[in-house]
Structures are given as structure tokens and as C-alpha cells.
Amino acid sequence: MLRLYAAARSRAAIVQWYLEELAVPYEIAMLDLKAGDHLQESYLRINPMGKVPAIVDEEFTLWESGAILLYLAEKYGNLNTTPEARAEVAQWILFANATLGPGIFVEASRDRELPRLLGPLEQKLQAQPFLIGSQFSVADVAVGSILFYIPLMLPVDLKDYSAISDYVKRLSDRPAFRKTLGNRQAS
Ligand SMILES: N[C@@H](CCC(=O)N[C@@H](CS)C(=O)NCC(=O)O)C(=O)O
């Protein structure tokens with residue numbers, strides 16, 4: 001069975017949300033970061049960077065949440081097979097992890113990046129319910145997770161971005177989300 005290496009209140013919840021969406025059977029290996037479980041030799045063999053999440057799926061080991069989301073979409077999801085469609089999905093996952101997250105969670109860049117990044121997202125979500133047209137996809141898991149974290153972790157009000165707020169609400173109503181990311185005590 002696929003094993004997800006996780007820690008309380010970590011980005012592993014993003015991967016867990018997608019596993020639930022896909023109804024892929026999995027088990028969780030919960031690490032205690034305060035106790036340094038992630039720096040033990042046994043875990044460094046799984047992720048030499050000593051970070052969660054990581055997965056082991058049969059014989060295959062993978063770390064970095066964005067790479068894991070892409071892998072799960074490829075293997076268990078209904079990812080479109082054209083290079084263009086797959087690249088669009090990769091674009092949103094990389095945007096979430098390399099541009100949106102750092103831009104907003106790093107205090108030094110927040111004031112500059114927040115309107116720059118949320119403005120176009122707001123426009124997109126005014127025009128369509130999900131990032132890639134009318135269908136929920138792994139792109140929404142990646143970007144939606146970051147958007148969900150913003151008001152939880154930062155003194156940032158999304159009231160000027162009503163389409164983004166509605167989008168986060170739409171994602172938060174999904175059973176798989178409620179069971180994982182939405183249940184912050186468990187995840
Ligand atoms: N870009 C990585 C970030 C991984 C990461 O920083 N994970 C945190 C938990 S959310 C962690 O393991 N921190 C422990 C540490 O850095 O010692 C991903 O998305 O997987």
C-alpha cells in the first residue's frame with residue numbers, strides 16, 4: 001500500500017487531500033518533527049533532504065509535494081495525455097510551490113507579490129470555477145492549498161478577492177478536503 005510520510009500541520013496534508021480525492025488506498029507514517037524523526041538515518045534514506053512529505057509507492061520513493069502531486073495525477077488520476085495539457089498542470093503546481101507560496105509567505109516580498117499574483121488569479125476565477133476550466137484537478141489542490149493557508153497563517157484578508165474566497169470555500173466543501181487539510185488537528 002502507498003505510504004505517505006507526514007507530520008502534523010505540514011504540507012503532507014496537501015498530498016493527503018489529493019490521495020483522498022483519488023480514493024487511492026494509503027497509510028500514513030507520522031513523523032514527529034520536534035523529536036527529529038525526519039533527521040534520522042532511516043528517514044533520510046527516503047528523503048535525503050529530511051523534509052515531509054514523501055511517499056513510497058510499491059518500490060518507488062518520491063519527495064517534494066509538487067512532484068508527488070504530479071506523479072499521483074499521472075498514475076491514478078485522469079491526467080490528459082497531450083504534452084500541452086500535462087504542461088499546463090505542471091505550470092500550476094510549479095506556480096503554487098515556487099511562485100505563489102514563496103511570494104506570499106516570505107514577508108519581504110509579500111506586499112509586492114500579493115496583489116500581483118492574486119489579481120490575475122481573481123480574474124481567472126471570476127471566469128471559471130476551477131483553474132483548468134470547469135473540472136476540478138490536481139492544479140486546484142496545489143494552488144488551492146496555498147490560498148487556503150493564507151488567511152490561516154498570515155494577517156492577510158482576502159475580502160478584496162471575492163472570486164478567490166468563493167473558490168477556497170468551494171474547495172473547502174469537498175469531503176476529501178474536509179477530511180484532510182480542513183481538519184487541521186488531524187493533518
Ligand atoms: N518544497 C517542499 C517543502 C517541504 C518542507 O519544507 N516540509 C516541512 C514541513 S511543511 C519540513 O519537513 N520541515 C522540516 C525541516 O525543514 O526540518 C515540499 O513542498 O514538499
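For the residue classes used below, Ala, Val, Leu, Ile, Met, Phe, Trp, Tyr, Cys and Pro count as nonpolar, Asp, Glu, Lys and Arg as charged, and the others, Gly among them, as polar. This is a predicted model, where local features need pLDDT of at least 70, side-chain atom pairs count only at pLDDT 80 or more, and totals for chains, interfaces and linings use all residues. Numbering starts from 1 along each chain as its sequence is written, and side-chain values use heavy atoms, leaving out hydrogens and water.

**View 1. The second largest pocket.** Here's a space of about 380 Å³. (A pocket is an open set of points on a 1 Å grid over the protein atoms alone, where a 1.4 Å probe fits, with protein on both sides within 12 Å along at least five of seven lines; lining residues have an atom within 4 Å of a point. A volume is the space filled by probe spheres set on the points, which are joined across faces, edges and corners.) Its lining has 9 nonpolar, 5 polar and 4 charged residues. N78, L79, F136, S137 and V138 sit closest to the centre, out of 18 lining residues. (Helices are DSSP runs of H or I, at least four residues, and strands are runs of E, at least two, numbered from the N terminus.)

**View 2. The largest pocket.** This one has a volume of about 480 Å³. Of its 21 lining residues, S10, R11, V52, P53 and S65 lie nearest the centre. α4 (83-105) and α6 (138-153) are the elements giving two or more residues to that lining.

**View 3. The open sheet.** Its 4 strands run in the order β2-β1-β3-β4, with mixed pairing (two strands pair if DSSP finds at least two bridges between them). β2 (26-31) and β4 (60-63) are the edge strands.
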